[in-house]
Amino acid sequence: MSTPTRSGKVLHIDWTRCDARGSCTELLPELLRSDPWGYPLPAGGGSDVAIPAHLAAAARDAVGLCPVLALRLS
Amino acid sequence: MNEALWALGRGTGVVALVLLTVTVVLGILTRSGRPAFGLPRFAVTLVHRNSALIGAVFVLIHVVTLLFDPYAQLNAVDFFVPFLGSYHPFWLGLGTVGLDLLIAILVTALLRRWIGQRVFRVVHWAAYALWPIALFHSFGTGTDAGAPLFILLAVACSAVVVGAVIWRTTTAFQLRNRTTPDRRIEPSRIAADQKTKELR
Ligand code: HEM
Ligand code: SF4
């Protein structure tokens with residue numbers, strides 16, 4: 001499988017805000033699994049997730065729809 | 001023409017009430033962090049926002065039509081400063097308070113990324129005042145307030161909102177005990193969890 005093109009964008013999860021509402025894990029299932037408590041779990045661990053180009057729109061939706069503003073794209 | 005304006009003013013008011021009802025319920029569902037009506041969580045949030053915006057459009061048409069309605073005798077000041085109107089000042093005033101609250105709620109919600117989550121949340125609580133205010137306003141000023149169909153609708157909306165608010169206050173509403181800080185994800189915990197999964 002070829003590596004997907006990067007969008008250059010990184011999704012940051014702010015753990016002090018995240019309340020495990022689970023809408024990001026629904027929008028970005030390719031990148032975020034849900035831990036047993038409902039918190040998002042990036043495939044490589046950590047708080048920063050590199051966004052491939054084809055998921056850039058989904059990532060923007062995730063940022064806009066996180067009910068507690070715990071996500072940021074940069 | 002006046003008849004048409006009047007009908008439009010009433011009709012849009014009723015639709016606004018229904019949309020505000022839907023919005024309040026979806027807002028509570030958004031807060032609950034659960035999927036609902038076959039919608040995933042993110043869609044519940046999305047529809048909550050959209051129904052609020054569509055509701056606001058109906059409120060806008062509602063007040064603008066009534067501005068041109070000679071019977072309601074409204075002027076621009078009555079839109080924002082309550083209790084000055086000449087026709088049913090109290091009930092109309094409730095509509096004005098409702099409009100002010102609605103504007104405040106919408107503006108802070110749309111600017112939430114800039115004003116911060118705390119201010120947004122505090123102002124958003126006003127939604128629980130807005131809804132009954134809009135309801136009382138419609139009973140007080142509405143020409144159709146006595147009509148069985150309107151009463152039926154109002155009772156249905158009230159039942160839904162009251163039900164949702166009661167559910168909101170129960171402990172079952174909270175999916176987890178959100179006050180325990182140790183639920184916060186820590187790398188060690190992820191590792192530990194992976195281990196348990198592997199062992200299983
Ligand atoms: C939160 C926003 C509002 C909602 C949800 C709302 C809802 C309603 C409803 C359900 C009615 C009853 C319609 C009927 O069957 O006769 C009504 C009537 C009315 N509303 Fe509002 N309203 C809102 C804001 C306002 C504002 C800001 C004003 C004016 C300052 C206003 C002025 C009136 C008037 C004059 C009537 C009587 C219409 C008539 O029967 O001729 N409303 N409203
Ligand atoms: S949508 Fe926001 S609150 Fe919900 S899990 Fe994702 S980051 Fe956390």
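This dialogue explains how to read several features of a predicted model.

Reader: Which residues coordinate the iron atom of ligand 1, and at what distance?

Author: To read a metal site, one looks for the donor atoms and then for the angles among them. The iron atom of ligand 1 is coordinated by the NE2 atoms of His62(B) and His137(B), at 2.0 Å. The site has six donor atoms, and the angles among them run from 84 to 178 degrees. The geometry is octahedral because six donors count as such if opposite donors are over 155 degrees apart and all others lie between 65 and 115.

Reader: Are His62(B) and His137(B) buried or exposed?

Author: The test is the relative accessible area, and under 20% means buried. His62(B) has a relative accessible area of 14%, so it is buried. His137(B) is likewise buried, as its value is 13%.

Reader: How far apart are His62(B) and Ala16(B), in sequence and in space?

Author: Sequence separation and spatial separation are to be read as two values. His62(B) and Ala16(B) are 46 residues apart in sequence, and their C-alpha atoms are 8.3 Å apart in space. For another pair, Leu92(B) and Thr45(B), the separation is 47 residues in sequence and 31 Å from C-alpha to C-alpha. Leu92(B) is part of helix α4, residues 89–110, and counts as buried at 14% relative accessibility.

Reader: Which residues surround ligand 2?

Author: A ligand site may be read through its shell, and then through the kinds of residue in that shell. Around ligand 2 are Cys18(A), Asp19(A), Ala20(A), Arg21(A), Gly22(A), Ser23(A), Cys24(A), Pro40(A), Cys66(A), Val68(A), Ala70(A) and Leu71(A). Eight residues of this shell are nonpolar, two are polar and two are charged. The space that ligand 2 takes is the largest cavity.

Reader: Where does Asp19(A), one of the shell residues, lie in chain A?

Author: Asp19(A) is placed in the loop between β1 (6–13) and α1 (23–27) of chain A. Asp19(A) counts as buried because its relative accessibility is 14%. Gly38(A) is 19 residues from Asp19(A) in sequence, and the two C-alpha atoms are 8.6 Å apart.

Reader: Which residues other than glycine have a positive phi value, among them one in each chain?

Author: Here one reads the backbone angle together with the place of the residue. In chain A, Leu69(A) has a phi near 55 degrees, a positive value in a residue other than glycine. Leu69(A) is in the loop between α2 (56–65) and β5 (71–73) of chain A. In chain B, the phi of Phe37(B) is positive as well, near 50 degrees, and Phe37(B) is in the loop between α1 (2–32) and α2.

Reader: Are Leu69(A) and Phe37(B) buried or exposed?

Author: Leu69(A) is at 11% relative accessibility and therefore counts as buried. Phe37(B), at 68%, counts as exposed, because exposed means over 50%.

How values were computed:
Residues are numbered from 1 along each chain as its sequence is written. Chains are lettered from A and ligands numbered from 1 in the order in which they are written. This is a predicted model: local features need pLDDT of at least 70, side-chain atom pairs count only at pLDDT 80 or more; totals for chains, interfaces and linings use all residues. Side-chain values use heavy atoms; hydrogens and water are left out. A residue is near a molecule or strand if one of its heavy atoms lies within 4 Å of it. On a 1 Å grid over the protein atoms alone, a cavity is a set of points where a 1.4 Å probe fits but cannot get out, and a pocket is an open set with protein on both sides within 12 Å along at least five of seven lines; lining residues have an atom within 4 Å of a point. A molecule sits in a cavity or pocket if more than half of its atoms lie within 2 Å of its grid points. Ala, Val, Leu, Ile, Met, Phe, Trp, Tyr, Cys and Pro count as nonpolar, Asp, Glu, Lys and Arg as charged, and the others, Gly among them, as polar. Donors are N, O and S atoms within 2.8 Å of the metal (3.2 Å for Na, K and Ca); water is not among the atoms, so sites may look incomplete. Four donors count as tetrahedral if all angles lie between 85 and 135 degrees; four count as square planar and six as octahedral if opposite donors are over 155 degrees apart and all others between 65 and 115; anything else is irregular. Buried means under 20% relative accessible area, exposed over 50%, partly exposed in between (1.4 Å probe, protein chains only). Helices (H or I, at least four residues) and strands (E, at least two) are DSSP runs, numbered from the N terminus.
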